[in-house]
Amino acid sequence: MALTKGFITIATGKEQYYKIAQNLLRSYRFTTENPLPFALLCDTENEYTKEFDDVRLFEDPTCSYLDKLNMFDLLPYDMNIFIDADCLAFSDINRLFDIFENADDFCCYGRVLPLDDKTGWFEYENLNDALQKQIDYVVGLHGGIYYMRKTEKCKKVLDDAKTFSLNYADYKFKGKFANPGDEPVVALSMAVNKCKPIPHDFSSLICWWEHENLFKLNITNHYAYCIPLNTKTDIVHWGTRFTKSIPYCKEIAALELNLQGADEKDLKKSNKHYEKLAFKEKVNKFKTRVINKIKRTLKITTK
């Protein structure tokens, strides 16, 4: 019997998370010739969940990053690729299954680092003796994509990560999470369970917030290009706060028009509308900087 495979994402809590999850799903189906099943793990069924191939409900959602640690019992396929809901697909991402084909049962993009490294999600010296004896490397990773086979080893990675999250402060994890984040505890759990990330492939995934407004995007033509990295990418990971930005809204508007069968004239009209909004925003930001500089100068001269 052939193994099943498909994509999953999570939406819990606010309606906006369901909407961006729907946007991710639609972008995937629009840019992929032969889409695989796509599941939603969530806390309720609503108008947004109807479009997904499978819907699984969390029994006790945290409505936080930590819902990712409770995915295992809800995994719908033998091989699953989780994608953060605040991502958009700009080209066929089915190739991710080929990229992770020979990876560990739980995997992601990241780095395997020496024990004395200070740039990973945790530091060896901050671990207790028992944990130090269990690990051979430090892990740095990106939690926007997780590859999971439905095996006991995968379950152990997520279960241990949940355990580490209960005493989050003890490990002095890196990052600026106001509450425990999934990436630090998953990084430690991967090291403990001898799972390694694979090198970050920028042709698969690039974060918007690391190169804000330095992209050429055109979802109509299945195109996303990061100028500083000189790389075309399949997925842009926006970050939740940027899903309200003009560039994101511009691509969603174009996506919806394409799905409605709009003609080129309507697409151009929509693009011009958002280009005007972007220009206006740029001018306003410039004005704000000038005004703030004048205020700072006046404050200095009056002292």
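**View A. Helices α4 and α5 pack against each other.** In this predicted model, helix α4 (residues 152-166) packs with helix α5 (residues 182-192) at an angle of about 130°, and their axes lie 8 Å apart. The two helices, α4 and α5, are therefore oblique to each other. Their crossing is right-handed. On the α4 side, the contact is formed by K156, V157, D160, A161, F164 and S165, and on the α5 side by V185, V186, L188, S189, M190 and V192. Sorted by class, the residues of this contact of α4 with α5 comprise 8 nonpolar, 2 polar and 2 charged.

**View B. Surroundings of helix α5.** How many of the residues of α5 are buried? The count is 11 of the 11, so α5 is largely enclosed by the rest of the structure. Among these buried residues are the charged D182 and E183, as well as P184, A187 and A191. The elements against which the buried residues of α5 pack are strand β6 (106-113), helix α3 (129-132), strand β7 (138-149) and helix α4. After α5 comes K194, which has a positive phi, near 60°.

**View C. Helices α1 and α6 in contact.** Helix α1 (residues 15-31) and helix α6 (residues 246-259) have their axes 11 Å apart and pack at an angle of about 55°. This makes α1 and α6 oblique to each other. The crossing of α1 and α6 is left-handed. From α1, the residues K19, I20, N23, R26, S27 and F30 meet Y248, I252, L255, E256, N258 and L259 of α6. In the contact of α1 with α6 there are 6 nonpolar, 3 polar and 3 charged residues.

View D. In soluble globular proteins, nonpolar side chains tend to be buried together.

**View E. The contacts of I145.** When residues up to four places away in sequence are not counted, I145 touches I81, F82, I83, L96, F100, C107, C108, Y109, L205 and I235.

Definitions and conventions:
Residues numbered from 1 in each chain as written. Predicted model: local features only at pLDDT ≥ 70, side-chain atom pairs only at ≥ 80, totals over all residues. Heavy atoms only, no water. Axes fitted to C-alpha atoms, helices over the stretch in contact; angles between N-to-C directions. Helix = DSSP H or I, 4+ residues; strand = E, 2+ residues; numbered from the N terminus. Parallel < 35°, antiparallel > 145°, perpendicular 65-115°, else oblique. Left-handed = near helix turned anticlockwise from the far one by under 90°. Contact = heavy atoms within 4.5 Å. Buried < 20%, exposed > 50% of the residue type's maximum accessible area, 1.4 Å probe, protein only.
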